[in-house]
Amino acid sequence: MKVITEHVFSNLICKVSENYPNCNIYSHWKTAYKKYITPINCVLYAAFGVLLAKNISQICSVFNIEEVNIQLFFCLVLIAVVSLITLTILHESIHLLILPHKIKTAVIVYKFPFSISVEHCVWLRKSQKLFVLISPVLLISFFVIPFFIFHHYLLGCWLVVLNISLAWSDIFSFFYILKNIPRRALMFGNFYQCQR
Ligand SMILES: [Zn+2]
């Protein structure tokens with residue numbers, strides 16, 4: 001498994017697609033994605049900000065820190081960064097484990113400045129692509145349920161917000177592909193070809 005940049009990965013997809021003159025591109029979903037997802041993410045983070053502000057004394061007692069001081073600010077930033085990195089690694093690892101042939105066909109794509117994603121370097125059936133896309137958000141949601149059962153609502157909500165904001169492009173692609181790509185199609189990057 002290699003680590004490559006987004007630019008190298010796009011070139012790789014274009015090169016492979018040149019060998020399949022009948023394949024089609026489906027990149028136009030990106031415009032709709034940008035239009036809807038950024039505002040939804042902002043609302044999610046704002047909602048979580050309100051939740052944090054309301055429960056600030058609870059957070060302070062959990063982490064044994066004094067309220068309304070600089071230490072609290074750095075602790076909150078640290079909690080946010082650590083949970084974001086942990087959840088990103090977990091999310092991408094699930095993609096990797098769900099991929100057919102796993103490590104052999106996968107590449108890690110690095111996007112400037114701090115983003116990584118696991119991509120596949122083989123043609124996948126539509127059903128496989130859908131399964132790979134939706135697995136992380138479903139599995140992580142499953143593991144968040146106990147936080148609500150045992151009344152850790154704040155932590156549960158934080159994980160739900162992070163999980164959804166990390167998986168928006170997957171959720172969006174899932175429904176776009178489900179609705180618009182033919183059932184027997186093979187998919188590679190943002191190209192697809194219909195099987196005869
Ligand atoms: Zn993903």
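**Close-up views of a predicted model**

**View 1. Helix α5 and what comes after.** α5 is followed by H151, whose phi is positive, near 65 degrees. Helices are DSSP runs of H or I with at least four residues, strands are DSSP runs of E with at least two, and both are numbered from the N terminus. This is a predicted model: local features need a pLDDT of at least 70, side-chain atom pairs count only at pLDDT 80 or more, and totals for chains, interfaces and linings use all residues. Residues are numbered from 1 along each chain as its sequence is written.

α5 has 24 residues. From its first C-alpha to its last, α5 reaches 35 Å, close to the 34 Å expected at 1.5 Å a residue. The expected span is 1.5 Å times one less than the number of residues. At S135, α5 bends by about 40 degrees, and a proline, P136, follows within four residues. A bend is the angle between axes fitted to the seven residues ending at a residue and the seven starting there.

Which residues of α5 are buried? They are K129, V132, L133, P136 and I140. Buried means that 20 or more other C-beta atoms lie within 10 Å of a residue's own; exposed means 12 or fewer, and partly exposed is in between, with C-beta atoms placed from the backbone. An α-helix has 3.6 residues a turn, so residues three or four places apart point the same way.

**View 2. Helix α6 has a kink.** The kink is about 60 degrees and is centred on A167. α6 covers residues 153–180, and its 28 residues reach 37 Å from first C-alpha to last, close to the expected 40 Å. A167 is also one of the buried residues of α6, along with W158, L162 and N163.

**View 3. Four strands form an open sheet.** The order is β2-β7-β6-β5, and the pairing is antiparallel. The edge strands are β2 (24–25) and β5 (124–125), and each pairs on one side only. Two strands pair if DSSP finds at least two bridges between them. β2 and β7 (residues 191–194) pair over two bridges. Look for N24: it stands opposite Y192 in β7. Strands of a sheet pair through backbone hydrogen bonds, either parallel or antiparallel.

**View 4. The largest nonpolar core has six residues.** They are W123, A185, L186, M187, F188 and Y192. Strand β6 (residues 185–188) gives the largest share of this core, four residues. A second, separate core has five residues, including L99, A106, V132 and L133. A nonpolar core is a set of buried Ala, Val, Leu, Ile, Met, Phe, Trp, Tyr and Cys residues joined through C-beta atoms within 7 Å. In soluble globular proteins, nonpolar side chains tend to be buried together.

**View 5. F188 sits in strand β6.** Is F188 buried or exposed? F188 is buried, because 20 other C-beta atoms lie within 10 Å. Leaving aside neighbours within four places in sequence, F188 is in contact with I13, V16 and W123. Contact means that the C-beta atoms, placed from the backbone, lie within 7 Å. F188 and W123 are 65 residues apart along the chain, yet their C-alpha atoms are separated by 4.9 Å.

**View 6. Confidence across the protein.** The protein averages a pLDDT of 81, and 88% of the residues score at least 70. pLDDT is the predictor's confidence in each residue, from 0 to 100.

Key:
Two residues are in contact if their C-beta atoms, placed from the backbone, lie within 7 Å.
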